[in-house]
Amino acid sequence: MTNNRSGRGKSRRNTATATPVQGKQHNKTIQAKKDRELEQSRVGAGNRMLQVERRNGNMDDSPREKGVNERKSRHFSKSERSNDRRSQEVSNRKRPNAERSDLPVQKNDEAVIDIIGMNHDGEGVGRVEGFTLFVPGALPGEKVRVKVLKTKKQYGYAKLLDIAQASPDRIAAPCAIYDQCGGCQLQHMSYEAQLGWKRQHVVDVLERIGKLSVATDGEADTAKASDSAMNDGGLNADSMSVHLRRVHGVVVHPTLGMSEPWRYRNKAQVPIGVTEGGLVGGFYARGSHRIVDMNTCLIQDERNDEVVARVKEIGRMLGISAYNEETGRGLLRHVVVKTAFRTGEMMLVLVTNGRDIPHADAWIGSIREHIPHVASICQNVNTKRTNVIFGDETRVLWGRDVIYDYIGNVQFAISARSFYQVNPVQTEVLYGKTVEYAGLTGKETVIDAYCGIGTISLFLAQHADQVYGVEIVKEAIDDARSNALLNEMRNVKFEVGASEDVIPAWKEQGITADVIVVDPPRKGCDPRLLDTILEMKPERVVYVSCNPSTLARDLRILEDGGYRTVEVQPVDMFPHTVHVESVALLEWRDLE
């Protein structure tokens with residue numbers, strides 16, 4: 001169970017063949033409506049696979065091509081063609097849910113298809129006579145029997161029924177509730193294959209959305225060898241950059257994964273509900289707001305599971321009521337647990353529908369007795385009829401208002417509502433690569449846009465002359481300033497505001513950047529910030545991304561404005577999910 005902020009595939013481009021089979025009526029089981037932009041991205045990925053197949057000559061003898069040739073050999077009168085067309089249009093208008101009778105498959109049909117790739121949601125991509133079907137649970141290289149659940153004009157969704165030929169990358173998902181919980185999407189795929197798929201997804205969107213040329217595997221291997229030489233002391237960062245500029249196309253490195261890709265999350269956010277058996281807490285069943293009880297999550301730290309289980313047990317014993325979304329009544333809404341991996345300190349946050357907690361002393365005493373590592377017990381009050389977890393008021397019930405943890409040798413204070421990366425092991429990898437791409441010698445001025453609580457800024461400040469961080473959320477800037485004082489770093493300045501407003505004001509004050517680092521939310525950089533970067537023209541831009549699609553879009557804008565994307569490093573922050581983080585290095589072309 002997880003909710004990452006963060007975005008998806010190595011396509012095996014086999015010949016797409018399919019055998020349609022008529023199916024039976026079934027109950028509607030399609031997943032909730034997806035965001036339109038994501039659906040368009042799905043279709044783009046599927047169409048791209050089809051284009052590759054055609055370039056490779058794999059579609060010459062497909063059923064769709066044969067059908068076209070057969071139709072060309074038949075002759076109809078003008079009136080017959082007109083009547084047939086009008087009849088087809090009337091039939092399509094009458095079909096519910098945009099079902100079209102001219103498609104090769106309809107709802108409830110069954111078909112045997114080859115899975116030729118995977119989209120950014122981790123759904124297998126197959127085709128029936130050229131018509132794309134997305135199949136959750138299917139892997140590239142597999143032949144599967146599916147049942148069509150829904151069709152649209154260019155694509156549809158299908159349910160996996162049987163696997164006729166399994167992929168060598170398929171494994172048994174170790175989680176007992178994997179099929180029910182939507183937190184992980186790739187547990188049925190080997191970890192090595194997940195890493196390859198994530199790199200390929202980055203490559204695909206850079207080419208399709210960013211219109212960037214990606215270096216061939218041979219050139220990428222050469223770059224990888226040079227990277228090893230740099231790590232061994234044979235090349236410095238500047239020499240490496242010069243070498244990569246000679247490579248044709250953007251170098252996308254293999255995804256940096258984890259040696260132990262389980263139990264990596266340091267934060268649990270568990271919704272609380274009630275059943276006939278009493279208080280429950282776990283995850284929302286797919287496509288619903290029904291809470292399914294859960295005692296363990298394989299990507300959560302075991303200590304988080306222990307605290308949640310203890311809180312539920314105490315709540316049942318004390319007769320604590322659970323919040324009901326429909327009525328707006330009940331007390332306990334969420335249990336949030338944060339664990340500091342380096343120090344071992346833990347924070348428990350009880351999110352409640354009101355300030356009064358019955359038997360609060362007994363609850364706190366029992367938690368302290370059974371979970372000695374808990375250093376902070378807080379209450380967050382949220383009385384709004386919303387699915388947003390936190391409300392505006394937070395108070396300490398016992399202990400400190402923060403816990404402390406380290407990323408590398410930088411210490412951070414973590415409050416109940418402050419953002420802190422959920423995978424501290426990979427966060428250090430991600431930030432280390434960010435510092436490497438910045439190419440700092442100790443003399444540079446760096447601007448960190450979207451600086452948050454200052455995590456990247458403080459990493460950069462250890463290697464730069466001066467770092468300026470900007471963030472629109474005031475509470476985050478307060479935390480950033482506190483973290484700078486905590487680490488006695490005096491070469492960092494933080495300011496509240498929108499980057500696109502603050503950075504030009506800094507420029508008017510004579511502050512110019514040698515390097516700008518951006519770490520935007522999933523929607524990517526604000527267009528005005530990109531304009532600001534192009535006006536300021538720093539030598540390097542380091543783009544930290546949690547969404548490959550918006551990364552590719554923004555890289556295209558920066559490339560058109562005079563930058564060159566040198567290399568991209570995918571980092572697996574969320575194993576067994578479809579999300580992938582990336583760090584991209586861009587350099588001003590005048591440097592070449």
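Ring pairs join Phe-134, Tyr-155 and Tyr-157 into a cluster. The structure shown is a predicted model.

View 1. The ring centres of Phe-134 and Tyr-157 are 6.1 Å apart and the planes stand at 45°, so the pair is tilted. Distant parts of the chain are linked by this pair, with Phe-134 in strand β4 (residues 131-136) and Tyr-157 in strand β6 (residues 155-165), 23 residues apart. Phe-134 is buried at 0% relative accessibility, and Tyr-157 is buried with a relative accessible area of 10%.

**View 2. The edge-to-face aromatic pair of Tyr-431 and Phe-459.** The distance is 5.5 Å centre to centre, with 75° between the planes. Tyr-431 belongs to helix α9 (residues 424-438) and Phe-459 to helix α10, 28 residues apart, so that the pair links distant parts of the chain. Tyr-431 counts as buried at 2% relative accessibility, as does Phe-459 at 8%.

**View 3. Arg-333 over the face of Tyr-323.** Arg-333 lies at 4.0 Å from the ring centre.

View 4. Buried residues of α11 are Ala-476, Ile-477, Asp-479, Ala-480, Asn-483 and Ala-484. Because they cover an arc of only 160° around the axis, they lie on the same side of α11. These buried residues pack against β16 (410-415), α10 (455-461), β18 (466-471) and β19 (492-496). Exposed Glu-475 and Leu-485 are carried on the face turned away from the buried side of α11. After α11 comes Glu-488, with a positive phi near 55°.

Technical notes
Residues numbered from 1 in each chain as written. Predicted model: local features only at pLDDT ≥ 70, side-chain atom pairs only at ≥ 80, totals over all residues. Heavy atoms only, no water. Buried < 20%, exposed > 50% of the residue type's maximum accessible area, 1.4 Å probe, protein only. Helix = DSSP H or I, 4+ residues; strand = E, 2+ residues; numbered from the N terminus. Arc of directions from axis to C-beta. Contact = heavy atoms within 4.5 Å. Phe/Tyr/Trp six-rings, centres within 6.5 Å; stacked < 30°, edge-to-face > 60°. Lys NZ or Arg CZ within 6 Å of the ring centre and 35° of its normal.
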